[in-house]
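Here is a short note for someone opening this entry for the first time. Please keep the sequence and the 3D view side by side while reading.

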Amino acid sequence: MAAEAKVHELIVSVSPHVRGKETVGRIMWTVNLSLLPAFIMSVYYFGPRAVYVTGLCILSSIIFEHLYQKGMKKESTVGDGSALLTGLLLGMNLPASVPFYIPIIGSLVAIIITKLLFGGLGYNVFNPALIGRAFLLISFPKLLTSWTEPTAKFIAMDAKTTATPLGILKEEGLTQLMEIFGSKADLYKELLMGNTAGSLGETSAIALLIGAAILFFRKYITWHIPLSFIATVGLLAWAFGGDTGLFTGDPIIHILSGGLILGAFFMATDYVTCPTVRKGQIIFGIGCGALTMLIRLKGGFPEGVMFAILLMNCFAPLIDRSVKPKMFGAVKAEKEQKK
Amino acid sequence: MSKTATFERGIHPAYHKELASGKSIEKAKLPQRIVVPLSQHIGAPTQAEVNIGDEVKTGQVIGVTTSFVSSPVHSSVSGKVIAMAPFPNPAGKMVPSIVIESDGNDEAVAYKEDADYMHLGADEIKAKIKDAGIVGLGGAAFPTNVKLSPPKEKTIDTVIINGAECEPYLTADHRLMVERSKDVVEGLKIIMKSLGVKNGYIGIEENKPDAIEAMKSAISGEANIELYTLEIKYPQGAEKMLIKAIKGKEVPTKGLPMDVGVVVQNVGTALAIYEAVRYGKPLIERVVTITGEGIRETRNMMVRIGTLMSDVIEQCGGLVDGAVKVISGGPMMGFAQWTLDVPVIKGTSGILVLTEKEYVSSDDYSACIRCGSCIDVCPMGLNPSMLSILSEKGFFDEAKEYNIFDCFECGSCAYVCPAKRPMVQFMRLIKSQVKP
């Protein structure tokens, strides 16, 4: 019985002994890549300032995460791409004109307070980038709501300030919006392309949808949250968003403008802060959509996606505890118990 | 080919069946020494019927039992009992075992043949099965006669032969279906007879076309036996998944196949039943797939129970450089071995050797990112993500509300987990801390 000597060291571990290819890093880096089209469009419309703002967010997010973990004598996890993703998303949620300290403060709140103080990736209750932005919006309301015209064509540094389509819709109404954009078809076209004022990465619906398609293809996200979120927004916009009574609103304007596409596909779907059970995700999406429209139509802000997602983040654990997956053999067990 | 049957969810791991699927079953060399654990099954252990120094024959009973849920063990060689002591078994436990030195003659006890076996009554068949020491050869090793004796209030109307062999790498059942198709079908007919059942099914995964062909022709004259081609998906061969695929019925939670009137038996078990009832042969050998990138020659071998893995591996040319893991069974549910001096037992379907290349460490796992992949694949419709978190935090009682005891540790959740969490370990921890 000496065959053992010929083998070096046998590794003993729990089954299964083979694993799939997915890793946290692979998922995060793919999401980062899927945001590239939207980032490129943001540079096209808002110029070098888009690179500057987003770059600062990414850089400070990575540095904060690294320093915190070094300081806490933990292994640095910046390699998994999630810090970069938080920075990228935060940058895409900011206006082009913010001064340099805004991205840094936002990243600090997002990475240190929202993510790492709660235990790091997997333990955070709220979407870090959105808390970062919410903090900035409340602390620096003027800076966070001064929008520039999307006229840079990659190069122009400064642009005139203007209002976002949702801002115009809220303050001045649909007629004024039509006057600016001409026809509805033109408005839809500009909204799809991203040729409107708004946060850096939120304006180009097309670019965002290309990225979302990558995530669908790789099965990193499913239809449950984006569809229920967007459909709820569309339905409520149609029902209550019109100037001339119920069911006269324009759902497409509400769907394509503001941060809905970015939020529904890239932020509400954040694994850590949304429910894990698919049925629960539909509830989550509907909640996001309803709160978004409540804020857009009745609230003090023209845009409500950020607060809607953050509020629903609070409910994610509760939803996960109430909605269970369809258990194998469950139906029959209940029937049998009734007998 | 008609539509393939399957269950909901599950995974598609790399199968690597081609490493051994074309290799005909060869007889392994008669071992010089065997180690026969007195307990190789689920249920009460057997009592040694021999003493050190006793001469034994091939097929002689060496471990007896009076319990219903138990199964006797036999010597698989002729020779002399040289030791009786606890030995490691493939599941990593120390089990009282009998060590027999072979005299090389392979002199067998007289087996009681019965050419007219289809006229036997149900109780006679079950007695023969019990005496032959037959247990489920798919891996679980549950005493077969118990499975064939359902309580009176349960009506069994269906027998399914499990030829799914969904564990990657393994090809033992595949080869049996190709080479011994007639005998497997005879085994199925005996099982049907013993249960008084009219409907027999055979389920085979699509990736075994030659086995499907062979079994099809073997059942061509049998009006009551139907073959189902199954989708290639893990864990298609789990009893509940197989029943769902073929009968469309879900075994109720915490229930057994008999709750929906079904008894499932593995291909190898059916063959063993045939050999026991027809030829009076006890379960002293089984087909083992020796495979993986870490073994020099992959093989399917008929191995005597009690043969040491080191012995079998040597007959396959030994391990290659860089072999790091030897697994008893398949890669999804098999047990990693710390020594090769463990015996092949009744439930050993394969010896799989993995190299550094296939090895994935579970040491560096990270927090659950709640991606939900595990929920999408869990064949039982559980929430492994939640269960793993509850287990990690020690909230074992709460885990019960998430139906932990429906988990059969197939490992699908761990396979897809991007954070590489040791999901099966988490599940086992909960099960060890709370009562069903």
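This is a predicted model: local features need pLDDT of at least 70, side-chain atom pairs count only at pLDDT 80 or more; totals for chains, interfaces and linings use all residues.

1. Strand β4(B) and strand β7 (residues 79-88) of chain B run antiparallel, and two bridges join them.

2. **The whole sheet.** These strands belong to an open sheet of four in chain B. Its order is β2-β8-β7-β4, and the pairing is antiparallel. The edges are β2 and β4 (55-56) of chain B, each of which pairs on one side only.

3. Strand β2 (residues 33-37) of chain B pairs with strand β8 (residues 94-102) of chain B. Five bridges link them, again in the antiparallel sense. One to look up is B:I34, whose bridge partner in β8(B) is B:I100. β2(B) is mostly covered, with four of its five residues buried.

4. **A covered helix.** Helix α6 (residues 239-247) of chain B has nine of its nine residues buried. Among them are B:E239, B:K240, B:K244 and B:K247. Others include B:M241, B:L242 and B:I243. What do these buried residues pack against? Their partners are the chain B strands β9 (158-163), β10 (199-205), β11 (225-230) and β12 (262-266).

5. The loop between β11 and α6 of chain B holds B:P235. A cis peptide bond joins B:Y234 to B:P235, with omega about -5°. Just after α6(B) comes B:G248, with a positive phi of about 75°.

6. Chain A has a cis peptide bond from A:S15 to A:P16. Omega there is near -5°. A:P16 sits in the loop between α1 and α2 of chain A.

7. **Buried leucine.** Is B:L176 buried or exposed? It is buried, because 27 C-beta neighbours lie inside 10 Å, and 20 or more are needed to count as such. B:L176 is in helix α3 (residues 172-179) of chain B. Leaving aside neighbours within four places in sequence, its contacts are B:V184, B:V267, B:G268, B:L271 and B:V287. B:L271 is 95 residues away along the chain, yet the two C-alpha atoms are separated by 8.3 Å.

8. The largest nonpolar core has 231 residues. Those with the most contacts inside it are A:I309, B:I273, B:V312 and B:L387. Take B:L387: beyond four places in sequence, its contacts include B:L382, B:A399 and B:Y402. B:L387 also belongs to the contact between helix α10 (residues 384-393) and helix α13 (residues 423-433) of chain B. There, residues of α10(B) including B:P384 and B:L387 meet residues of α13(B) including B:F426 and B:I430. The axes are 9 Å apart, at an angle of about 60°. The crossing is left-handed. By class, this contact has seven nonpolar, two polar and one charged residues.

9. **A helix pair in chain A.** Helix α4 (residues 48-71) and helix α5 (residues 82-92) of chain A cross at roughly 145°. Their axes come within 7 Å. This crossing is right-handed. α4(A) contributes residues including A:V53, A:C57 and A:I58, and α5(A) residues including A:A83, A:L84 and A:L88. The residues in contact divide into nine nonpolar, six polar and one charged.

10. **Where the chains meet.** Contact between the chains involves 39 residues of chain A and 60 residues of chain B. On the chain A side, α1 (3-6), α2 (24-34) and α18 (330-338) each supply at least two residues. α18(A) gives the most, with four. This side of chain A has 21 nonpolar, nine polar and nine charged residues.

11. **Two backbone points to check.** A:K219 and A:F247 are not glycines. A:K219 has a positive phi near 60°, and so does A:F247. A:K219 is in the loop between α12 (205-217) and α13 (224-240) of chain A. A:F247 is in the loop between α13 and α14 (251-256) of chain A. A:F247 counts as exposed with 10 C-beta neighbours inside 10 Å.

Technical notes: Residues are numbered from 1 along each chain as its sequence is written. Chains are lettered from A and ligands numbered from 1 in the order in which they are written. A residue is buried if 20 or more other C-beta atoms lie within 10 Å of its own, exposed if 12 or fewer, and partly exposed in between; C-beta atoms are placed from the backbone. Two residues are in contact if their C-beta atoms, placed from the backbone, lie within 7 Å. Two strands pair if DSSP finds at least two bridges between them. Axes are lines fitted to C-alpha atoms, for helices over the stretch in contact, and angles run from 0 to 180 degrees between N-to-C directions. A crossing is left-handed if the near helix is turned anticlockwise from the far one by less than a right angle, and right-handed if clockwise. Ala, Val, Leu, Ile, Met, Phe, Trp, Tyr, Cys and Pro count as nonpolar, Asp, Glu, Lys and Arg as charged, and the others, Gly among them, as polar. A nonpolar core is a set of buried Ala, Val, Leu, Ile, Met, Phe, Trp, Tyr and Cys residues joined through C-beta atoms within 7 Å.
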